[in-house]
Amino acid sequence: MTKALDLTSLTSEPTPISIGEEAAQHYDVVRRTLKRITEDWREQPTLDQLAREAGLQPIQLQRVFSRWAGLTPKQFLQAITLDHAKALLRESASVLDATYEVGLSGSGRLHDLFVTHEAMTPGDYRNRGAGLSIAYGFHPSPFGQVLVMATDKGLAGLGFADPGEETSALEDMCERWPAAAFVQDQDATVQFARRVFDPKKWQEDQPLNIVMIGTDFEIRVWQTLLKIPMGKATTYSDIAACLGNPKASRAVGTAVGRNPLSFVVPCHRVLAKGGKLGGYHWGLTRKRAILGWESGLSGPVLECV
């Protein structure tokens, strides 16, 4: 059954979340392990150390972590070095010159190849979502609870929420289209959550439909983000140059931060010059985690130094 959303209650009424207790416990272990690795990678924590801190046996942690993240803790640690972030930028200029017709193949083939997108008209955006019905639901993901928002045309929003922050995450997304009608419908959104984070479901003959709702400039920036392959990265200035306005780096940064389709439209692949992570609307720990996860899927994992 669906339930209409009263925006005036967002600050006082927590959004009901339907996640199994065991799944929530497992993700909490994974979340703390991801945080430990991404913040202390220079210390090269061992599996035994990570397991002891998680209160599990090493084999248990490895099994739970691999089930959620798709990588072992060791593989993730190897992928998360800052040197890797710098390496992602080495071909940033050519990355944005590439198109989806280049015939990429192999284990690193872009999941973006399997995404089709359309943009709402500028008038739809100016109307602040009036007449638009958006279903929403919270679901588990490798990177924490994910808020999924969908219209009858496809996935319209995806954001993350740390424990206790579900209401603020929902409010943040709803404020982007304040005149829209929001309906809680876990059944309508779970299919998107499953497809987005499962590489086995990234199928060329079944593309994921996404809907971009923003200003003309924002949509141009988001479309450019879709050209960044998994395992690569670019900078705000490179995106500005690609759009024909090299001086628009700050405006590009604002548009990247406004991306409502986190992960699918890969704003996490935009770094500051020199390989620094820069900002991320959903937290730098999560940005490091996503980049490490993608690195493990897209090609050889770099050794830590």
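In strand E5, leucine 155 is the bridge partner of alanine 150. Helices (H or I, at least four residues) and strands (E, at least two) are DSSP runs, numbered from the N terminus. The model is predicted, and local features need pLDDT of at least 70, side-chain atom pairs count only at pLDDT 80 or more, and totals for chains, interfaces and linings use all residues. Residues are numbered from 1 along each chain as its sequence is written, and side-chain values use heavy atoms, with hydrogens and water left out.

Strand E4 (residues 145-151) pairs with E5 in the antiparallel sense over seven bridges; two strands pair if DSSP finds at least two bridges between them. Two residues lie between E4 and E5, which form a hairpin. Strand E5 (residues 154-161) is mostly covered, with eight of its eight residues buried. Buried means under 20% relative accessible area, exposed over 50%, and partly exposed in between (1.4 Å probe, protein chains only).

A second pairing involves strand E3 (residues 133-139), which runs parallel to E6 and is joined to E6 by four bridges. Within this pairing, alanine 135 has valine 183 of E6 as its bridge partner. In a regular strand the side chains alternate between the two faces of the sheet.

The protein chain has 13 helices and nine strands. Of the 305 residues in the protein chain, buried residues make up 49%. Contact means heavy atoms within 4.5 Å. Among contacts in the protein chain between residues at least 6 apart in sequence, 72% join residues at least 24 apart.

Helix H12 (249-257) has the buried residues Val252, Ala255 and Val256. Seen down the axis of H12, these buried residues fall within an arc of 100°, so they line one face of the helix. The arc is that of the directions from the helix axis to the C-beta atoms. An α-helix has 3.6 residues a turn, so residues three or four places apart point the same way. The exposed residues Arg250 and Thr254 are carried on the face of H12 turned away from its buried side. H10 and helix H11 (236-242) are included in what covers the buried residues of H12.

Two packed helices are described by the angle between their axes and the distance between the axes. For H10 and H12, the axes come within 9 Å and cross at roughly 80°. This makes H10 roughly perpendicular to H12. On the H10 side the contact is made by Phe217, Glu218, Val221, Trp222 and Leu225, and on the H12 side by Ala251, Val252, Ala255 and Val256. Axes are lines fitted to C-alpha atoms, for helices over the stretch in contact, and angles run from 0 to 180 degrees between N-to-C directions. Angles under 35 degrees count as roughly parallel, over 145 as roughly antiparallel, 65 to 115 as roughly perpendicular and the rest as oblique.

The structure holds eight salt bridges, a salt bridge being a side-chain nitrogen of Lys or Arg within 4 Å of a carboxyl oxygen of Asp or Glu. One of them joins arginine 258 to glutamate 218, with the closest N and O atoms 3.9 Å apart. Arginine 258 lies in the loop between H12 and strand E9 (270-271) and glutamate 218 in helix H10 (residues 216-225), so the pair ties together parts that are 40 residues apart in sequence. Arginine 258 is partly exposed at 32% relative accessible area, whereas glutamate 218 is buried at 11%.

A network of salt bridges links Arg36, Asp40, Glu43 and Glu53. Arginine 36 is buried, with a relative accessible area of 16%. The side chains of glutamate 53 and arginine 36 meet at 2.8 Å, N to O. Glutamate 53 lies in helix H2 (residues 47-54) and arginine 36 in helix H1 (residues 21-39), so this pair ties together parts that are 17 residues apart in sequence. Glutamate 43 also forms a salt bridge with arginine 36, the closest N and O atoms being 3.4 Å apart. Glutamate 43 is exposed at 55% relative accessibility, while glutamate 53 is partly exposed at 44%.

Most residues other than glycine have a negative phi, and most peptide bonds are trans. Glutamine 44, although not a glycine, has a positive phi of about 50°. Glutamine 44 lies in the loop between H1 and H2 and is partly exposed, with a relative accessible area of 35%. Phenylalanine 263, also not a glycine, has a positive phi of about 75°. Phenylalanine 263 is found in the loop between H12 and E9 and counts as buried at 0% relative accessibility.
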